[in-house]
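Hi,

Here is the structure I promised to pass on to you. My notes on what turned up in it follow below.

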Amino acid sequence: MVVAVEADLGNLHRYAGHDQPDDDLLRTCVHCGMCLPTCPTYRLTGQEMSSPRGRLWLMKSVADGRLDLLDPIFDEQMYQCLNCRACEAVCPSGVHYGPLVEAARSQLEQHRPRPFWQRATRKVAMGWLFGDGRRLRAAVAGLRLYQRSGLAALLRRSGALKLAGMEELEAMLPPVSRRSLVPGAEHWSSPEPVRAVRLFNGCVMGTVFADTNRAAARVMARNGASVDLPVGQQCCGALHVHAGMMDEARTLARANIDAFEATGDDAIVVTAAGCGAALKEYGYLLKDDAVYADRAARFSARVRDVTEHLAETDLVPPTVPVDRVVTYQEPCHLVHAQRIAVQPRKLLSAVPGLRLVEMRESSLCCGSAGIYNLIRKEMAEDLGDRKVRHVMETPATEVVTANPGCAMQLRASLRRNGSRVKVRHIVEILDEAYGGKQNIDSDGSARAGAERVG
Ligand code: SF4
Ligand code: SF4
């Protein structure tokens, strides 16, 4: 007993820090195993250690001093997890798994020795680049030039990308939007707006997928909103949280709270499921911050995924037929983390001419999971191939999703499997059904025309 207590204290002292799995949260697991069949890594490996229950046991073992934090098994399992939160959605005991694995990664980041170049790369990529919207827009401008100058096609044809091991990465990238969306620079409005909406731009959505954000703004304007993007907003910090970089995530969260605070209680609408889940958890992320804790909780209460927001409105019926067959891939951070499953389907069913055919395992992770598909290539490819097989079993010519990471992973997986199925964001389909840009005047105002139904 004495030995156990000493071991406890030894581990706690050695690995104390500001982020570690909350012991009260860990205790909520009753080891029932109901989460196991939903876990993608357990399904692929069949190993208890690679299951939610196994990982929670590892976290508890570290907390109790029975396992060293720096044991390679712990590191492997905390990073093999996709943080898809499928386990959380089915857990009868209400285990809040996401924050636990994120805290475990943060604990590792605080104490695990890393080579200098790895630390520097993370600081530059995640801190310097994603920490400032202007820098990211400048970097994406370079990417746009690379694609449009023909250099991308040339390198692809010459085989240089394959030689450099960049072919898969390149296959993920869609054609970058012609212009990034700059907060404060564009505005959309219904002729007689009945609500104000504050669009959360995001890092990848506001640059690579800026036209998708514009489509979302048009659709919301078509449905009675005035839409703008508050100045000062930054990346949501989801990538940082997933990588255990909590200090960087908190800095971004505080900047976003400051940027949106002046807009009262207006809805903060987001087009990326991963960002939405992170924004809805600012209250938890900043719970120990004396200045921001309450403000963070108020901010989180205002956040809505765009599908959630539109489904809550009195939707104007779209009138332009979209005569195609689509299937829907549920982003983990929409269906599991935010529990939004009905709304996207309800919106798609409102599109005239569109036929939605369900795929098998639509809510199983596609393998994207932030940057998982870059650092855990093999597992991510297995999951991507499995997802694409299910897409290809349907007659769909398009797969619809609601998250940029999923869109990129699906794109690469479809290409690898020789499929010509296209990837679309749900708001792009809705925008098309409302007439797209035809429906918006040059100043960003939505034209009147469609009838409102009760
Ligand atoms: S995480 Fe939940 S579902 Fe999984 S074993 Fe623990 S209590 Fe059961
Ligand atoms: S978050 Fe996903 S991958 Fe991780 S343990 Fe839960 S179900 Fe498995």
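The protein is split into domain 1 (2-111), domain 2 (116-172), domain 3 (187-313) and domain 4 (325-436), with bounds that come from an automatic or database domain assignment. Between the centres of domain 1 and domain 2, taken over C-alpha atoms, there are 33 Å.

A word on conventions: this is a predicted model, in which local features need pLDDT of at least 70 and side-chain atom pairs count only at pLDDT 80 or more, while totals for chains, interfaces and linings use all residues. Residues are numbered from 1 along each chain as its sequence is written, and chains are lettered from A and ligands numbered from 1 in the order in which they are written.

Now the ligands. Ligand 1 is surrounded by 14 residues, the closest being Cys-29, Cys-32, Cys-35, Cys-91 and Ser-93; a residue counts as near if its C-beta atom, placed from the backbone, lies within 6 Å. That shell holds 10 nonpolar, three polar and one charged residue (nonpolar: Ala, Val, Leu, Ile, Met, Phe, Trp, Tyr, Cys and Pro; charged: Asp, Glu, Lys and Arg; polar: the others, Gly among them). Its largest share, three residues, comes from helix H4 (residues 52-63). Helices here are DSSP runs of H or I with at least four residues, numbered from the N terminus.

Ligand 2 also has its shell: 14 residues, with Cys-39, Pro-52, Cys-81, Cys-84 and Cys-87 the closest. Helix H3 (40-45), H4 and helix H6 (86-90) each give two or more residues to it. By type, the shell around ligand 2 has nine nonpolar, three polar and two charged residues.

What about H4 itself? Pro-52, Arg-53, Arg-55, Leu-56, Leu-58, Met-59, Val-62 and Ala-63 are buried in H4 (20 or more other C-beta atoms within 10 Å of the residue's own, all placed from the backbone). Just after H4, Gly-65 has a positive phi of about 80°.

Leaving aside neighbours within four places in sequence, Cys-365 is in contact (C-beta atoms, placed from the backbone, within 7 Å) with Pro-40, Leu-82, Cys-84, Ala-86, Cys-332 and Leu-383.

Finally, Ser-106 sits in helix H7 (residues 97-111). Why does Ser-106 count as buried? Because 24 other C-beta atoms lie within 10 Å of Ser-106. The C-alpha atoms of Ser-106 and His-240 are 9.7 Å apart, although 134 residues separate them along the chain.

Best wishes

Methods. A residue is buried if 20 or more other C-beta atoms lie within 10 Å of its own, exposed if 12 or fewer, and partly exposed in between; C-beta atoms are placed from the backbone. Two residues are in contact if their C-beta atoms, placed from the backbone, lie within 7 Å.
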